[in-house]
Every structure is written in structure tokens, then in C-alpha cells.
Amino acid sequence: MQLIHPDTEFIKIKVKLNSTCKNKNPIITEVEFPILVEHEWKIKADQRSSQEYQNYFWEQKIEQEEMERVETVELTYNVFNEGPSMSKESKLYAFIPRDSNLIDNIKVSFINKECQLGDQAKNQIPPSPPSSSDAGAEMIVCQTRGDCHVFECDLPKGMEKQERASLNVQFDFVKKNAKQMEKVSKFEIVTSICTMSHSDKKDERCVTRDKKVLRTTTSFEYIRKTTLDLLIASWQLLVGGIAGLIVFLIVFVIFYKCELFKKVRFYKSMDDTNDLLDDTTGENQQLSEVEVD
């Protein structure tokens, strides 16, 4: 079956009326008239269920992970024409949060052709952010057009129904900067894809209230060292402290068993000390007298 080209506006229909009556002209009439062609198509994008919300973890106590500066994220989407007609030229928009501290090296490509930063007139608006997120997580999402990168991809004319093409989004998450945020350990980066249909004009606003966009959430969680991890990491100091305590206890027990603590006398005032000296002098004199006798 031959498909109707998307640029076709009219097709001509020829109608011929024949007669089988005797003594009549076999062709009574023949008319040709145009019929308006309406093209209906809708470009959509989908992704793997595992990509809708994916998690990345890195731990402070693992030296190799701790030394990593960035984590590269690659997102892959299938773009297709839902039909029934062949598509005309249209655009696809990728909304990526603008955060120079945490997101870097953003690249968007469609059918291996790089998409450019577009919407210089700032006509597009980003999709509404998710209504909820994990408790304690820092959500990085396009709140307004000003904090959002908008990439434009030109979709070719003539995509047939269910014909598929590949869209790739790539960016780096800067771990080096993320782990310096002491009060936050989890980050959620939300990216969105918006496609158009036959009812949208080429330069029209893509995101509207009644249009669903494709959203992807990429989570990064930094697992910091616990107090136990810090103690295990400094085990030499811990062992040395325990050994010193054991030696101190052994010496204390030996002194206690030998009653060394009882042979120490304390005096509250100088009078007590003078009395001790007088007693000692008296004892010495008595000893001297005994020796003389």
C-alpha cells in the first residue's frame, strides 16, 4: 500500500458512471474532483521502566569511589510516530536543569546528530516539577525557564507509523562538589522530554496543561563514614589506647595489693607537720640516751 506523502494537501478522485442498458451509451458520466487530506500524527518518546527512577551510590570509605570526580549518566529514549499519518517536520525538546556546580558536560543527540541549545527567545516553559521526592533529598529540577537548559532536536519529515529513532541524553554529575555539601547526602536530578503532534505548530510552545511529558529521575546518594567507620580506620590509635589502659590497670592493682597507697600520709596543716618533727626529735633523743647508758 502506498502511503500519502505528508506534503499532500489534496488527492483527486475520479468517478465514472456506467450503464448496462441496451441502446445506451456505456459511460453515462465521468467526473473528477479533489478531496482534502488531513494528516494526523503524534510523535512520542518512551524509556525503559528501569530508567524512570535509577539510583547511583558512592561511599566515602571506599577509596576508589571517593577519588572519583564525576559520574557520567547516559539516558536512552525511543522516539516514534504514533500515526496514523506520516509526520511532518517537528521539534523535540529536552529540559535539563541548569546547575553549574553539580551538572556538567551536557550532550543531547537524536539519530547520532547533536542537538543544540535552543529557545533563545525563551518561549518554552519547563514541565511542572514532581509533586514529591524522598525525604532529605535535594531535588535538582527546572523550576523556571531561567534555571533550565532547553535543547532542540529537529525531527525529520516523513516518519512512518511506529517508525523508531534513538534519542540520547548525557551529562556528568560532579561528585567532587556534591560531597562538600555536608547537610545533603542525596541528590535527585529530574530531566524531561517533550514531543509534538500534527496539531502543534513548529515554533509553538511544547509544554501545555493537557500534554504529558516524559520524565526521568536520576538519584545520587553519598554514603558518608559513620563513627564506627572512623574508629575502624584509626585502629592503630584505638589499639594503643586500649593497651595503655590495660597497663595502667595492672600497675594500679599491683600497687593496691602491695598496700603502697596505705603508706602515704597526708597532713592538713603545718601544725601537723611540726608535731611529726617534734615526735621524731624526741624519739631520736631517747635512742641516744639509751646508747649512752
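Predicted model: local features only at pLDDT ≥ 70, side-chain atom pairs only at ≥ 80, totals over all residues.
Figure 1. The top contributor is β3, with three residues. The pocket has a volume of about 370 Å³. Its lining counts 17 residues, and the closest to the pocket centre are Lys42, Ile43, Thr195, Lys211 and Lys212. Sorted by class, the lining holds seven nonpolar, four polar and six charged residues.

**Figure 2. The second largest pocket holds about 200 Å³ of space.** Its lining is made of Lys91, Phe110, Ile111, Lys113, Glu114, Cys115, Gln116, Glu152, Cys153, Asp154 and Pro156. Two elements give two or more residues each: β8 (113-114) and β11 (148-155). Strand β11 provides the largest share, three residues. The classes here are five nonpolar, one polar and five charged.

**Figure 3. One cavity of 30 Å³ or more is found in the structure.** About 60 Å³ of space lies in the largest cavity. How is such a space found? Rolling a probe the size of a water molecule over the atoms shows where empty space is left. Around the largest cavity sit Phe95, Pro127, Ser128, Pro129, Pro130, Val141, Cys142, Val190, Thr191, Ser192 and Arg215. Strand β13 (residues 186-194) gives the most to this lining, with three residues. Seven of the lining residues are nonpolar, three are polar and one is charged.

**Figure 4. Trp58 and Tyr222 form one of five aromatic pairs in the whole structure.** A pair of aromatic rings is described by the distance of the centres and the angle of the planes. For Trp58 and Tyr222, the ring centres are 4.8 Å apart and the planes meet at 25°, so the pair counts as stacked. Trp58 belongs to strand β4 (residues 53-59) and Tyr222 to strand β14, so the pair ties together parts that are 164 residues apart in sequence. Are these two residues buried or exposed? Both Trp58 and Tyr222 are buried.

**Figure 5. Phe173 and Phe220 form a stacked aromatic pair.** Their centres are 4.0 Å apart, with 10° between the planes. Phe173 lies in strand β12 (residues 164-174) and Phe220 in strand β14, so this pair links parts that are 47 residues apart in sequence. Why does Phe173 count as buried? Its relative accessibility is 0%, and buried means under 20%.

Figure 6. Phe220 has 0% relative accessibility, so Phe220 counts as buried. Take Lys186: Phe220 and Lys186 are 34 residues apart along the chain, and their C-alpha atoms are separated by 5.6 Å. Which residues form one aromatic cluster? They are Tyr56, Trp58, Phe173, Phe187, Phe220 and Tyr222.

**Figure 7. The protein chain has six helices and 14 strands.** Of its 293 residues, 29% are buried. The chain exposes about 20400 Å², and carbon and sulfur atoms supply 52% of that area. Among contacts with a separation of 6 or more, 81% join residues 24 or more positions apart.

Note on methods
Residues numbered from 1 in each chain as written. Heavy atoms only, no water. 1 Å grid on protein atoms, 1.4 Å probe; cavity = no way out; pocket = protein on both sides within 12 Å on 5 of 7 lines; lining within 4 Å. Points joined across faces, edges and corners; volume = space filled by probe spheres on them. Helix = DSSP H or I, 4+ residues; strand = E, 2+ residues; numbered from the N terminus. Nonpolar A, V, L, I, M, F, W, Y, C, P; charged D, E, K, R; others polar. Buried < 20%, exposed > 50% of the residue type's maximum accessible area, 1.4 Å probe, protein only. Contact = heavy atoms within 4.5 Å. Areas by Shrake-Rupley, 256 points an atom, 1.4 Å probe, with all protein chains shown as cover. Phe/Tyr/Trp six-rings, centres within 6.5 Å; stacked < 30°, edge-to-face > 60°.
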